[in-house]
Structures are given as structure tokens and as C-alpha cells.
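Have the sequence and the 3D view open side by side for this one. We'll take a walk through the fold, stopping at a few spots on the way.

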Amino acid sequence: MSTVSLRKVCKSFGATAVLRDVDLEIADGEFVVMVGPSGCGKSTLLNCVAGLEEVTSGEIWIGERLVNEVAPKDRDIAMVFQAYALYPNMSVRQNITFGLEMRQVPKPEQVKAVAHVAEMLQITDLLERRPGQLSGGQRQRVAMGRAMVREPAVFLFDEPLSNLDAKLRVQMRAELKALHQRLRQTVIYVTHDQVEAMTLADRIVVMNGGRIEQVGSPVELYDHPVNVFVAGFIGSPAMNFIVGRAQAQPGRAGMQLLTADGASFPLPDSVRPDAGQAITLGVRPEHLDLATDSAVHLKVDIVEPTGDETHLYGKVGDELVCVKVHQRVPMLQGQVVPLAWPLDRLHVFDTATGKRLASDVLGVRAAA
Ligand SMILES: Nc1ncnc2c1ncn2[C@@H]1O[C@H](COP(=O)(O)OP(=O)(O)OP(=O)(O)O)[C@@H](O)[C@H]1O
Ligand SMILES: [Mg+2]
């Protein structure tokens with residue numbers, strides 16, 4: 001177990017800057033999940049921590065040790081790669097025990113450890129096969145087994161569950177969470193899966209273009225995204241955005257948003273943008289709902305039933321909007337329906353900077 005500390009880490013490949021001034025303090029035993037669009041630098045960051053890539057500038061500390069000059073094998077790290085690299089000429093069992101043999105762990109302990117992870121990862125009956133005789137998902141589990149059989153200071157996982165089928169993925173996610181709760185190892189985990197990020201993370205790090213946009217607990221990021229990027233990235237289906245200008249609300253104290261096509265949306269009283277300020281209103285699909293009467297209407301284009309919930313896609317004025325409801329509403333295509341407008345769940349951003357306006361506006365903050 002160990003802390004990990006990244007201080008002003010920059011990494012360039014030639015003239016291309018891939019990590020820019022990354023500062024991150026990871027506590028001992030913390031489970032940190034990195035998310036961000038493809039190519040934003042997540043794998044590069046893990047590779048730098050593992051020592052597979054040299055940083056261009058900045059410092060990486062693991063525990064009390066500055067590891068910039070420390071070889072990968074001496075960093076006390078286990079990594080599961082995005083492209084799981086197994087030794088093709090070794091059996092699954094040998095692949096998993098290799099690291100233990102290198103560390104001269106006694107044989108009986110090796111056997112016990114392998115049996116344990118193999119059972120957990122459901123690969124016991126594959127132990128005598130070679131990687132070439134396995135499916136992608138099976139190989140991925142072997143790669144995880146190889147990392148988990150050791151007890152390193154830090155685990156690095158790069159999309160370890162991406163090749164598994166939906167059911168196995170959910171099982172493995174639960175196993176990982178249980179394992180972490182038991183062993184409390186420090187984990188840095190990269191995923192594209194929202195549910196994985198929300199359920200596994202103590203803290204989520206949202207990256208974009210080689211920079212950290214926000215670091216926080218899953219609930220913090222969901223309730224209080226600091227900018228439009230994080231707001232649109234966390235949550236699925238993604239948050240709806242409506243752009244326009246702030247203006248006084250006729251006949252009322254509060255402000256409203258006026259879109260280019262003349263539609264208006266009330267803003268929470270606690271947000272006070274300047275009149276005329278370009279603002280972006282964010283509202284999550286799950287915070288919109290059908291109503292019997294409202295000033296806001298949705299013209300429904302597409303209805304997507306998912307079983308327990310229904311996603312409605314359509315337009316409010318000229319804006320594309322998604323609404324997630326828990327009823328079954330099969331017959332709404334082409335209809336115009338009133339939408340309940342959740343004044344206390346709106347996110348308001350300055351369009352010019354993308355930054356959140358007055359981040360303590362939400363009812364959820366008051367409740368927290
Ligand atoms: N060895 C390299 N040489 C040059 N450019 C590289 C190298 N490795 C990565 N890059 C570039 O660095 C950027 C970040 O890559 P990285 O693999 O870290 O992204 P990622 O966030 O892991 O993406 P994904 O989600 O697709 O796995 C990309 O633009 C990639 O093309
Ligand atoms: Mg990657």
C-alpha cells in the first residue's frame with residue numbers, strides 16, 4: 001500500500017504534448033478512476049506511473065520515494081494493460097505465477113495464490129491452456145489474475161473489463177470492489193464505463209486533452225460539475241445543454257434564459273448572471289419528467305424503451321433534449337408533451353469560459 005503523488009507532470013511525444021501539468025495526490029488505499037475521451041492521455045499517465053514512459057518534466061512519487069529514475073520492476077506496481085500482454089508460450093498458470101517465481105515466493109504459497117485468483121476470476125479450468133487458446137475476455141481475466149496474485153504497493157488497471165460480456169463485467173466489477181474493500185490497496189483504474197467509474201471510485205479524475213478538468217467523489221462530480229465539459233462527460237445519457245442569454249423574467253424577480261429562437265427557460269433564483277450574459281443551461285435527462293401542465297414543452301421524435309426506463313428524444317424549441325422517465329410511454333412519437341421543469345436541479349454555466357456559475361445553487365448542496 002502506498003500514496004501516489006504526481007507533481008506538475010508533463011509528457012510530450014516529440015512536439016505533441018500529451019500530459020500537461022498534471023497534479024494529483026492519491027491517498028494510501030484510495031481507489032481512483034480516470035475517465036476522459038479517447039486520446040486524452042489516460043494510458044500515458046498510467047505508463048508514466050509504471051515507469052514504462054519517462055516523464056518530460058515533473059515528479060512522480062510512490063510513497064516516500066521519488067521514482068522518476070526508478071526502473072519499472074523496482075516500483076512495486078502491478079499493471080493490467082489495455083492490450084493485455086501475456087507470454088504466449090506459457091500456460092495460464094505459468095503466466096500468473098511468473099511474477100511470484102521472480103520474487104522467489106515459496107511454491108506452496110504460489111499454488112494457493114493461483115487457486116484463489118483463478119477461482120475469483122472464473123478461470124480455474126483454463127489454467128493449463130496457452131493464451132492463444134483463449135477468448136479475448138478470458139485473456140483479459142488472466143492478465144488481471146497475474147496482477148492480483150501479487151501484493152504490490154499500487155495497482156494500475158487500464159480498462160481491464162472492456163472485453164468481457166455484460167454479465168461477467170458486472171460480476172468482476174463487484175469482485176474488484178469487494179477485493180478493494182478487503183485489501184485497501186491503492187488503485188488507479190482507467191475506464192470508459194460510467195457505471196464502473198461511479199461504483200468503483202473513491203474519487204474520479206476527469207481528463208481532457210492531457211489536463212485534469214476535475215477531481216472529486218462520484219457524487220460531487222454528478223451534482224457539482226465545475227464546467228460544461230465535466231457536466232457533459234459524467235452521466236448517461238449525457239446532460240442536456242441549452243444555450244442563450246440571461247434576461248430578467250417579465251413579472252417575476254428571477255432571471256430566465258432566452259434562446260436564439262425565442263424560447264425562454266426560468267433560472268433558479270439563486271443564480272444571478274448579468275443581463276445579456278451568454279449562459280449555458282444544463283439539465284440531466286433523469287431530472288426532467290412528463291407533466292400535465294408546464295410552460296416547457298417537448299416535441300417527441302424518438303422513444304427508446306430500455307425495459308425499466310424510457311428515453312425520449314426530441315426538441316424543446318430548437319434544442320435537442322433527452323428525457324429519461326420511469327414509465328412506459330410507447331405512443332408519444334410526434335406528440336408535444338409538457339415537461340416538468342426542475343428549477344432546483346439546473347446547472348448554469350458561463351458560455352464564454354464554460355465554468356459553472358455560483359456552484360452552490362442546487363438544492364442538493366443544501367441537502368448535503
Ligand atoms: N508512443 C507514442 N508516440 C506518439 N504519440 C503517442 C504515443 N503514445 C500515445 N500517443 C498519443 O498520445 C495521446 C494520448 O494517448 P493515450 O494512449 O494516453 O490516450 P488514452 O486516453 O489512453 O485513450 P484511449 O481511451 O483511446 O485508450 C494520443 O493522442 C496518442 O496518439
Ligand atoms: Mg488508453
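Here is a tour that goes from the whole protein to a ligand site, an aromatic group, a helix and a single glutamine.

A quick note before we start: this is a predicted model, so local features need pLDDT of at least 70 and side-chain atom pairs count only at pLDDT 80 or more, while totals for chains, interfaces and linings use all residues. Residues are numbered from 1 along each chain as its sequence is written, chains are lettered from A and ligands numbered from 1 in the order in which they are written, and side-chain values use heavy atoms, with hydrogens and water left out.

**The whole protein**

Of the 368 residues, 51% are buried, meaning under 20% relative accessible area with a 1.4 Å probe and protein chains only (exposed is over 50%, partly exposed in between). Take contacts (heavy atoms within 4.5 Å) between residues at least 6 apart in sequence: 63% of them join residues at least 24 apart.

**Around ligand 1**

Which residues surround ligand 1? The shell (a heavy atom within 4 Å of the ligand) is made of Phe13, Val18, Ser38, Gly39, Cys40, Gly41, Lys42, Ser43, Thr44, Gln82, Glu159 and His192. Helix α1 (residues 42–50) gives the largest share, three residues. Three of the shell residues are nonpolar, seven polar and two charged; here Ala, Val, Leu, Ile, Met, Phe, Trp, Tyr, Cys and Pro count as nonpolar, Asp, Glu, Lys and Arg as charged, and the others, Gly among them, as polar.

Some of these residues put an N or O atom within 3.5 Å of an N or O atom of the ligand, the cut-off for a polar contact. Here are three of them:

| Residue | Part of the residue | Distance to an oxygen atom of ligand 1 |
|---|---|---|
| Cys40 | backbone N or O atom | 3.2 Å |
| Lys42 | side-chain N or O atom | 2.7 Å |
| His192 | polar side-chain atom | 3.2 Å |

On its own, ligand 1 exposes 630 Å², and the protein buries 59% of that. Areas like this come from the Shrake-Rupley method with a 1.4 Å probe.

**Aromatic rings**

The structure holds seven aromatic pairs, counted when ring centres lie within 6.5 Å (planes under 30 degrees apart are stacked, over 60 edge-to-face, the rest tilted). Why is the pair of Phe155 and Phe157 called stacked? Because their ring centres are 5.5 Å apart and their planes sit at 15°. Phe155 is buried at 4% relative accessibility, and Phe157 is buried at 1%. Together with Phe31 and Tyr189, they form one aromatic cluster.

**Helix α2**

On to helix α2 (residues 92–102), whose buried residues are Val92, Asn95, Ile96, Thr97, Gly99 and Leu100. They pack against α3 (107–120) and α4 (136–148). Just past α2, Gln104 takes a positive phi of about 55°.

**One glutamine in a loop**

Last stop: Gln277, in the loop between β13 (264–266) and β14 (278–283). Is Gln277 buried or exposed? At 18% relative accessibility, Gln277 counts as buried. Its side chain makes a polar contact of 2.8 Å with the side chain of Asp350. Leaving out residues up to four places away in sequence, Gln277 touches Gly244, Arg245, Ala246, Asp350 and Leu357.

Terms used: Helix = DSSP H or I, 4+ residues; strand = E, 2+ residues; numbered from the N terminus. Polar contact = N/O pair within 3.5 Å; in protein donor to acceptor, adjacent residues only side chain to side chain. Phe/Tyr/Trp six-rings, centres within 6.5 Å; stacked < 30°, edge-to-face > 60°.
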